[in-house]
Amino acid sequence: MSDAHLPRTGSIEVVGEQQATDLVEQVVRDTEDATVVTERLLIVLDIDGTVILEDESLSPGVVDAVEHAQRSGHEVMIATGRSWEGTRGILRVLGIAPEYVVCSNGAVVLKRIEADDLQYERAHVETFDPSEVLTLLREHLPDARYLVELPDGQRLYTEYLDDWNLAQALRVSFEDLGAQPVCRIVVVAPEQGEQDFVDLVARIGLNQVSYAVGWTAWLDIAPEGVDKSTGLERVRTALGFDPAHVLVIGDGRNDVGMFRWALENGGRAVAMEQGPQEVRDAAGETTASVEAGGVAEVLRAL
(Lines give C-alpha, C1' and ligand atoms only; values in the text may rest on other atoms or scores of the structure.)
Protein backbone atom coordinates (compact mmCIF):
# COMPACT_ATOMS: atom_id res chain seq x y z
CA MET A 1 0.00 0.00 0.00
CA SER A 2 1.42 3.38 -0.99
CA ASP A 3 1.85 6.07 1.62
CA ALA A 4 2.22 8.84 -0.94
CA HIS A 5 -1.13 10.27 0.10
CA LEU A 6 0.02 10.74 3.70
CA PRO A 7 1.25 14.17 4.85
CA ARG A 8 4.97 14.56 5.27
CA THR A 9 6.14 14.14 8.81
CA GLY A 10 8.61 16.34 10.61
CA SER A 11 12.08 15.21 11.55
CA ILE A 12 13.08 14.08 15.03
CA GLU A 13 16.37 15.12 16.56
CA VAL A 14 17.74 13.60 19.76
CA VAL A 15 19.48 16.24 21.89
CA GLY A 16 21.31 16.25 25.20
CA GLU A 17 19.72 16.96 28.57
CA GLN A 18 20.98 20.55 28.80
CA GLN A 19 19.79 21.42 25.31
CA ALA A 20 16.40 19.93 26.07
CA THR A 21 16.21 22.07 29.23
CA ASP A 22 17.10 25.17 27.22
CA LEU A 23 14.36 24.39 24.70
CA VAL A 24 11.75 24.04 27.44
CA GLU A 25 12.83 27.32 29.01
CA GLN A 26 12.57 29.01 25.63
CA VAL A 27 9.01 27.73 25.23
CA VAL A 28 8.15 29.17 28.66
CA ARG A 29 9.68 32.52 27.73
CA ASP A 30 7.73 32.54 24.48
CA THR A 31 4.45 31.96 26.34
CA GLU A 32 5.31 34.85 28.66
CA ASP A 33 6.38 37.18 25.87
CA ALA A 34 5.67 40.77 26.85
CA THR A 35 4.49 41.47 23.30
CA VAL A 36 1.53 39.14 23.81
CA VAL A 37 -1.50 41.04 25.08
CA THR A 38 -2.54 39.76 28.51
CA GLU A 39 -4.69 41.09 31.31
CA ARG A 40 -2.13 42.63 33.67
CA LEU A 41 -3.14 42.05 37.28
CA LEU A 42 -2.31 43.62 40.62
CA ILE A 43 -1.66 40.47 42.68
CA VAL A 44 -1.76 40.97 46.44
CA LEU A 45 -0.43 38.30 48.81
CA ASP A 46 -0.80 38.04 52.56
CA ILE A 47 2.26 36.61 54.35
CA ASP A 48 1.48 34.43 57.36
CA GLY A 49 -0.57 31.38 56.46
CA THR A 50 -0.48 32.35 52.79
CA VAL A 51 3.11 32.43 51.54
CA ILE A 52 4.76 31.08 54.70
CA LEU A 53 3.90 28.37 57.19
CA GLU A 54 3.82 28.70 60.98
CA ASP A 55 7.49 27.67 61.19
CA GLU A 56 8.44 30.47 58.75
CA SER A 57 9.16 28.01 55.93
CA LEU A 58 7.86 28.90 52.47
CA SER A 59 4.71 27.45 50.99
CA PRO A 60 5.64 24.84 48.35
CA GLY A 61 6.31 26.31 44.92
CA VAL A 62 5.53 29.88 45.90
CA VAL A 63 8.84 31.43 44.81
CA ASP A 64 8.72 29.92 41.32
CA ALA A 65 5.03 30.79 40.98
CA VAL A 66 5.67 34.42 41.94
CA GLU A 67 8.50 34.58 39.41
CA HIS A 68 6.16 33.10 36.77
CA ALA A 69 3.53 35.76 37.55
CA GLN A 70 6.06 38.55 37.28
CA ARG A 71 7.45 37.25 33.99
CA SER A 72 3.88 37.23 32.72
CA GLY A 73 3.72 40.97 33.37
CA HIS A 74 1.73 41.04 36.61
CA GLU A 75 2.56 43.26 39.60
CA VAL A 76 3.02 41.06 42.70
CA MET A 77 2.96 42.81 46.08
CA ILE A 78 2.43 42.15 49.78
CA ALA A 79 -0.33 43.30 52.14
CA THR A 80 0.29 42.13 55.70
CA GLY A 81 -0.44 42.72 59.34
CA ARG A 82 3.30 42.66 59.96
CA SER A 83 5.39 45.76 60.46
CA TRP A 84 7.99 46.65 57.82
CA GLU A 85 10.68 45.09 60.03
CA GLY A 86 8.97 41.73 59.70
CA THR A 87 8.12 42.13 56.01
CA ARG A 88 11.38 43.13 54.30
CA GLY A 89 12.96 39.69 54.66
CA ILE A 90 9.93 38.02 53.08
CA LEU A 91 10.26 40.22 50.00
CA ARG A 92 13.88 39.14 49.74
CA VAL A 93 13.14 35.40 49.86
CA LEU A 94 10.28 35.81 47.38
CA GLY A 95 12.60 37.69 45.04
CA ILE A 96 10.32 40.70 44.61
CA ALA A 97 10.70 44.45 45.04
CA PRO A 98 7.20 45.80 44.34
CA GLU A 99 6.67 49.51 43.94
CA TYR A 100 4.44 49.53 47.03
CA VAL A 101 4.03 47.40 50.16
CA VAL A 102 1.08 47.57 52.58
CA CYS A 103 2.02 46.83 56.20
CA SER A 104 0.44 47.03 59.65
CA ASN A 105 -2.98 45.96 58.32
CA GLY A 106 -3.25 48.96 56.03
CA ALA A 107 -2.04 51.65 58.44
CA VAL A 108 1.32 51.92 56.66
CA VAL A 109 1.92 52.15 52.89
CA LEU A 110 5.56 52.03 51.81
CA LYS A 111 6.94 53.15 48.45
CA ARG A 112 10.08 51.72 46.88
CA ILE A 113 13.04 54.05 46.52
CA GLU A 114 15.71 51.44 45.64
CA ALA A 115 14.98 47.90 44.48
CA ASP A 116 18.29 46.07 44.87
CA ASP A 117 18.63 46.81 48.58
CA LEU A 118 14.86 46.88 49.19
CA GLN A 119 14.91 50.47 50.37
CA TYR A 120 11.42 51.86 51.02
CA GLU A 121 9.99 55.04 52.47
CA ARG A 122 6.77 55.47 54.43
CA ALA A 123 4.51 57.06 51.83
CA HIS A 124 1.33 57.10 53.94
CA VAL A 125 0.76 56.46 57.65
CA GLU A 126 -2.50 56.35 59.63
CA THR A 127 -2.41 56.90 63.40
CA PHE A 128 -4.72 57.10 66.41
CA ASP A 129 -4.54 57.88 70.13
CA PRO A 130 -4.08 54.48 71.84
CA SER A 131 -4.49 55.53 75.45
CA GLU A 132 -8.23 54.86 75.88
CA VAL A 133 -8.12 51.53 74.07
CA LEU A 134 -5.08 50.36 76.04
CA THR A 135 -6.72 51.25 79.35
CA LEU A 136 -9.90 49.41 78.39
CA LEU A 137 -8.04 46.31 77.28
CA ARG A 138 -5.86 46.16 80.37
CA GLU A 139 -8.94 46.21 82.60
CA HIS A 140 -10.09 42.96 80.97
CA LEU A 141 -6.70 41.45 80.11
CA PRO A 142 -4.35 42.44 82.94
CA ASP A 143 -1.84 39.69 82.14
CA ALA A 144 -1.68 40.25 78.38
CA ARG A 145 1.41 41.44 76.55
CA TYR A 146 1.23 44.61 74.50
CA LEU A 147 3.07 46.14 71.55
CA VAL A 148 2.50 49.39 69.67
CA GLU A 149 3.97 50.65 66.41
CA LEU A 150 4.82 54.33 66.12
CA PRO A 151 4.46 56.40 62.91
CA ASP A 152 8.19 56.18 62.18
CA GLY A 153 8.18 52.38 62.47
CA GLN A 154 9.64 52.16 65.97
CA ARG A 155 7.94 49.46 68.06
CA LEU A 156 7.43 49.53 71.81
CA TYR A 157 6.49 46.48 73.86
CA THR A 158 5.83 45.60 77.48
CA GLU A 159 7.04 41.99 77.62
CA TYR A 160 8.65 39.53 75.23
CA LEU A 161 6.20 38.16 72.66
CA ASP A 162 6.77 34.61 71.52
CA ASP A 163 7.14 34.18 67.74
CA TRP A 164 7.36 37.95 67.16
CA ASN A 165 10.35 39.61 65.54
CA LEU A 166 11.37 42.26 68.05
CA ALA A 167 14.59 43.35 66.31
CA GLN A 168 15.11 47.07 66.96
CA ALA A 169 12.03 47.14 69.25
CA LEU A 170 12.20 48.87 72.62
CA ARG A 171 10.83 47.51 75.90
CA VAL A 172 8.91 50.13 77.91
CA SER A 173 6.39 50.37 80.74
CA PHE A 174 2.70 49.94 79.96
CA GLU A 175 2.13 53.64 80.67
CA ASP A 176 4.66 54.64 78.01
CA LEU A 177 2.76 52.73 75.31
CA GLY A 178 -0.02 55.30 75.18
CA ALA A 179 2.09 58.45 75.38
CA GLN A 180 1.90 59.27 71.66
CA PRO A 181 -0.10 58.41 68.51
CA VAL A 182 0.44 54.91 67.09
CA CYS A 183 -0.26 53.02 63.88
CA ARG A 184 -1.48 49.90 65.63
CA ILE A 185 -1.73 47.99 68.90
CA VAL A 186 -0.99 44.29 69.21
CA VAL A 187 -2.36 42.37 72.21
CA VAL A 188 -1.15 38.84 72.93
CA ALA A 189 -2.82 36.75 75.66
CA PRO A 190 -1.78 33.08 75.47
CA GLU A 191 -4.38 32.05 78.02
CA GLN A 192 -7.16 33.37 75.76
CA GLY A 193 -8.54 31.24 72.97
CA GLU A 194 -9.56 32.59 69.59
CA GLN A 195 -13.24 32.62 70.54
CA ASP A 196 -12.42 34.27 73.89
CA PHE A 197 -10.99 37.24 72.01
CA VAL A 198 -13.97 37.39 69.66
CA ASP A 199 -16.33 37.38 72.67
CA LEU A 200 -14.27 40.01 74.51
CA VAL A 201 -14.35 42.40 71.57
CA ALA A 202 -18.13 41.99 71.29
CA ARG A 203 -18.57 42.49 75.03
CA ILE A 204 -16.45 45.58 75.69
CA GLY A 205 -16.93 47.32 72.34
CA LEU A 206 -13.92 48.83 70.62
CA ASN A 207 -15.17 52.12 69.26
CA GLN A 208 -13.10 54.46 67.09
CA VAL A 209 -10.76 51.66 65.97
CA SER A 210 -10.62 48.72 63.57
CA TYR A 211 -9.55 45.31 64.80
CA ALA A 212 -8.76 41.77 63.69
CA VAL A 213 -8.65 38.65 65.85
CA GLY A 214 -5.84 36.23 65.01
CA TRP A 215 -5.81 32.46 65.27
CA THR A 216 -3.30 32.22 68.09
CA ALA A 217 -4.64 34.43 70.85
CA TRP A 218 -3.75 37.84 69.50
CA LEU A 219 -5.69 41.00 68.71
CA ASP A 220 -4.52 43.58 66.18
CA ILE A 221 -5.99 47.07 66.46
CA ALA A 222 -5.72 49.75 63.77
CA PRO A 223 -7.14 53.28 63.33
CA GLU A 224 -10.88 53.48 62.71
CA GLY A 225 -11.87 52.54 59.17
CA VAL A 226 -8.39 51.28 58.31
CA ASP A 227 -7.63 47.79 57.06
CA LYS A 228 -5.66 46.25 54.21
CA SER A 229 -8.23 47.44 51.68
CA THR A 230 -7.73 51.13 52.50
CA GLY A 231 -4.00 50.86 51.92
CA LEU A 232 -4.51 48.79 48.77
CA GLU A 233 -6.93 51.30 47.28
CA ARG A 234 -4.20 53.94 47.57
CA VAL A 235 -1.78 51.60 45.81
CA ARG A 236 -4.24 50.62 43.08
CA THR A 237 -4.96 54.27 42.32
CA ALA A 238 -1.27 55.22 42.29
CA LEU A 239 -0.39 52.36 39.94
CA GLY A 240 -3.37 52.95 37.68
CA PHE A 241 -4.86 49.45 37.80
CA ASP A 242 -8.47 48.94 36.82
CA PRO A 243 -10.39 47.80 39.96
CA ALA A 244 -11.43 44.61 38.17
CA HIS A 245 -7.80 43.67 37.53
CA VAL A 246 -7.03 42.86 41.16
CA LEU A 247 -6.36 39.43 42.69
CA VAL A 248 -5.98 39.13 46.48
CA ILE A 249 -5.03 35.98 48.40
CA GLY A 250 -5.13 35.53 52.18
CA ASP A 251 -6.14 33.29 55.04
CA GLY A 252 -7.12 35.35 58.10
CA ARG A 253 -9.80 37.63 59.47
CA ASN A 254 -7.60 40.63 58.73
CA ASP A 255 -7.93 39.70 55.04
CA VAL A 256 -11.72 39.92 54.95
CA GLY A 257 -11.65 43.66 54.26
CA MET A 258 -9.44 43.28 51.20
CA PHE A 259 -11.55 40.33 50.02
CA ARG A 260 -14.64 42.51 50.13
CA TRP A 261 -12.84 45.40 48.43
CA ALA A 262 -11.67 43.20 45.56
CA LEU A 263 -15.00 41.48 45.00
CA GLU A 264 -17.09 44.65 45.17
CA ASN A 265 -14.97 46.14 42.40
CA GLY A 266 -15.04 43.12 40.10
CA GLY A 267 -11.72 41.59 41.15
CA ARG A 268 -10.88 38.15 42.57
CA ALA A 269 -10.49 37.14 46.21
CA VAL A 270 -9.02 33.74 47.10
CA ALA A 271 -8.92 32.23 50.59
CA MET A 272 -6.50 29.55 51.75
CA GLU A 273 -8.16 26.23 52.55
CA GLN A 274 -6.99 26.17 56.19
CA GLY A 275 -8.54 29.57 56.98
CA PRO A 276 -11.56 29.97 59.29
CA GLN A 277 -14.93 29.27 57.69
CA GLU A 278 -15.98 32.92 57.91
CA VAL A 279 -12.86 33.92 55.98
CA ARG A 280 -13.47 31.34 53.27
CA ASP A 281 -17.09 32.46 53.06
CA ALA A 282 -15.95 36.05 52.50
CA ALA A 283 -13.79 35.09 49.52
CA GLY A 284 -15.01 34.32 46.06
CA GLU A 285 -12.77 31.26 45.77
CA THR A 286 -10.77 28.84 47.91
CA THR A 287 -7.42 27.34 47.01
CA ALA A 288 -5.35 24.59 48.62
CA SER A 289 -3.83 25.09 52.07
CA VAL A 290 -0.55 26.90 52.64
CA GLU A 291 1.08 23.53 53.34
CA ALA A 292 -0.14 22.22 49.99
CA GLY A 293 1.04 25.23 47.99
CA GLY A 294 -2.26 27.03 47.50
CA VAL A 295 -0.74 30.30 46.29
CA ALA A 296 1.40 28.52 43.69
CA GLU A 297 -1.73 26.72 42.48
CA VAL A 298 -3.51 30.03 41.84
CA LEU A 299 -0.58 31.86 40.27
CA ARG A 300 0.38 29.00 37.97
CA ALA A 301 -3.14 29.00 36.56
CA LEU A 302 -2.94 32.64 35.45
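1. Helix α8 is followed by G266, whose phi is positive, near 90 degrees; helices (H or I, at least four residues) and strands (E, at least two) are DSSP runs, numbered from the N terminus. This is a predicted model, in which local features need pLDDT of at least 70 and side-chain atom pairs count only at pLDDT 80 or more, while totals for chains, interfaces and linings use all residues. Residues are numbered from 1 along each chain as its sequence is written, and side-chain values use heavy atoms, with hydrogens and water left out.

2. Within α8 itself, V256, G257, M258, F259, W261 and A262 are buried, where buried means under 20% relative accessible area, exposed over 50%, and partly exposed in between (1.4 Å probe, protein chains only). These buried residues of α8 pack against β1, α7 (228–239), β12 (246–250), β13 (268–272) and α9 (277–282), and contact here means heavy atoms within 4.5 Å.

3. In helix α6 (residues 194–204), the buried residues are F197, L200, V201 and I204. Seen down the axis of α6, they fall within an arc of 95 degrees, so they line one face of the helix; the arc is that of the directions from the helix axis to the C-beta atoms. The face turned away from this buried side carries the exposed residues A202 and R203. The cover over the buried residues of α6 includes α4 (131–140), β9 (184–188), β10 (209–213) and β11 (218–223). Just after α6, G205 takes a positive phi of about 70 degrees.

4. For the chain as a whole, the secondary structure comes to 10 helices and 14 strands, and of its 302 residues 47% count as buried. Among contacts between residues at least 6 apart in sequence, 57% join residues at least 24 apart.

5. In soluble globular proteins, nonpolar side chains tend to be buried together. In this model the largest nonpolar core has 36 residues, and those with the most contacts inside it are L45 and I249; such a core is a set of buried Ala, Val, Leu, Ile, Met, Phe, Trp, Tyr and Cys residues joined through side-chain atoms within 4.5 Å. Apart from it lies another core, of 26 residues, among them Y146, V182, V187 and A189. Leaving aside neighbours within four places in sequence, I249 is in contact with residues including V44, L45, M258, F259 and V298.

6. A144 has its place in the loop between α4 and β6 (145–149), and it counts as buried because its relative accessibility is 4%. The C-alpha atoms of A144 and A189 are separated by 4.6 Å, although the two residues are 45 apart along the chain. Not counting residues up to four places away in sequence, A144 touches E159, V187, V188 and A189.

7. L53 lies in the loop between β1 (42–45) and α2 (62–71). L53 and E291 are 238 residues apart in sequence, yet 6.8 Å apart in space, C-alpha to C-alpha. Beyond residues up to four places away in sequence, L53 touches L58, S59, V290 and E291.
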